[in-house]
Amino acid sequence: MSLFNKEYSSENNFAKSNPNYLNSMFGTTDVMPLWIADMDFKVAEPISNELKRLVDRGIYAYEFNAQDVFSAIANWNFKRRDLSLDPDAFVQVPSVLSGISLLIRELSEINDAVLIQTPVYHQFNKLIATAKRRVIENPLKIVGGNYEMDFEDLELKLERENVKLILLCNPHNPVGRVWNKKEMQRLIQLADKYDVRIISDEIHSDIIYSKIKFNSIASIDKLKKHIAVIGSPAKTFGMHSISNGYLYIHDKHTHKQFKSLVDSMYLDHGNVFSTYATIAAYTKGEDWVNEFIVHLEKSNKWIKDFIQTELPEVKMFNPEGTYQIWLDFSRLDLSDDGLKYLLIHKAKLALTPGSWFGGSHSQFMRINIASPFAKIQEAFYQLKRAVKEE
Ligand SMILES: Cc1ncc(COP(=O)(O)O)c(C=O)c1O
């Protein structure tokens, strides 16, 4: 049986199924947890083998291997996307979010504005607000049933709001867009015009569906001024609780500035389990990722067909990447509380509420499909039964 057809996640400590979390967020534990963006699968065998080797080794003396990780990430990007990266332009940080948080503090001042494109990964708001910067929203717009960037609104905000940074999500969590080359070029052109730095969070960039091309900011930014969070194995390989984060800062001056900040806080040592697991992932995990994407595409196709034929009341935004699907329930014409009741108590599903992602998205939900196919099918059967009973 394929690795991706088995259910593994059952321990109470996993955030996704932790009864305390479920109770506090959904008021019950009697729900199928499909909310937080992680996966129900075991990591690829080369990763487990590497972790076992370290356990057996039993010696954990100081050990610094970041440079080997940078080379592994650079090789991975060259092989999979034909993207040449300079291993010396990376900086290791404890996690993607801690890296972005430090970047915001280092590259802007208190009360400066940082722009985000809502609906977007909810921690972005917190990262900016807790750094005492102003959050400026440049909402995405829906055109012909798909999300696009609103460049007119973006330019207006860049002009008027003293924006210092744009925090880009590419691929975009939760709407699943993978920004195309034209969109990236236009975004960069506007950022350069207003002298604004882009921090591009590319944590989901290995989960890209057929016929879609991922354009890292590092491949488009001719002036090499913008910053990519490129290559965190967390989402790709299911290493959420054991992975460091990797920033790519090609501008030498900024790289030096940021590296000395990280050095001064001793944040770049890296955990050795994470380091070796990451090297194993990027050097020996390719077949596993390819199989995982095939699995996700099968689930995606099934969901799309199911919604079309059985659940036309729900609108699905076809993802181009990520294992999240963004669903619009507004056609059900329920109140926000009514929708919550239907999903939690009738469909018995714990989905991520759209209201987390900014803007007015209380009629939207994000579902995480990185689970066995049968579980995803069951979730949609439960949803259909609940909707039809309404
Ligand atoms: C866009 C995005 N960035 C960052 C993270 C979290 O990264 P980390 O756990 O390395 O801080 C997530 C997790 O869902 C995410 O979706």
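Predicted model: local features only at pLDDT ≥ 70, side-chain atom pairs only at ≥ 80, totals over all residues.
Phe 317 has its bridge partner, Trp 326, in strand β12. Strand β12 covers residues 324-328 and pairs with β11 in the antiparallel sense, over three bridges. The two strands are part of an open sheet of four, ordered β11-β12-β15-β14, with antiparallel pairing. At its edges lie β11 (315-317) and β14 (352-353), each of which pairs on one side only.

The domain assignment divides the protein in two: domain 1 takes in 3-43 + 287-389, and domain 2 runs over 48-284. Between the C-alpha centres of domain 1 and domain 2 the distance is 25 Å. Contact between them involves 25 residues of domain 1 and 31 residues of domain 2. On the domain 1 side, α12 (286-310) and β12 each supply at least two of the touching residues.

Helix α3 is the next element to consider. It spans residues 66-81, 16 residues in total, and its first and last C-alpha are 22 Å apart, close to the 22 Å expected at 1.5 Å a residue. Its buried residues are Val 69, Phe 70, Ala 72, Ile 73, Ala 74, Trp 76 and Asn 77. Just after α3 comes Asp 82, with a positive phi of about 60°.

Terms used: Residues numbered from 1 in each chain as written. Pairing = 2+ DSSP bridges. Expected span 1.5 Å × (residues − 1). Buried ≥ 20, exposed ≤ 12 C-beta atoms within 10 Å, placed from the backbone. Domains from an automatic or database assignment. Contact = placed C-beta atoms within 7 Å.
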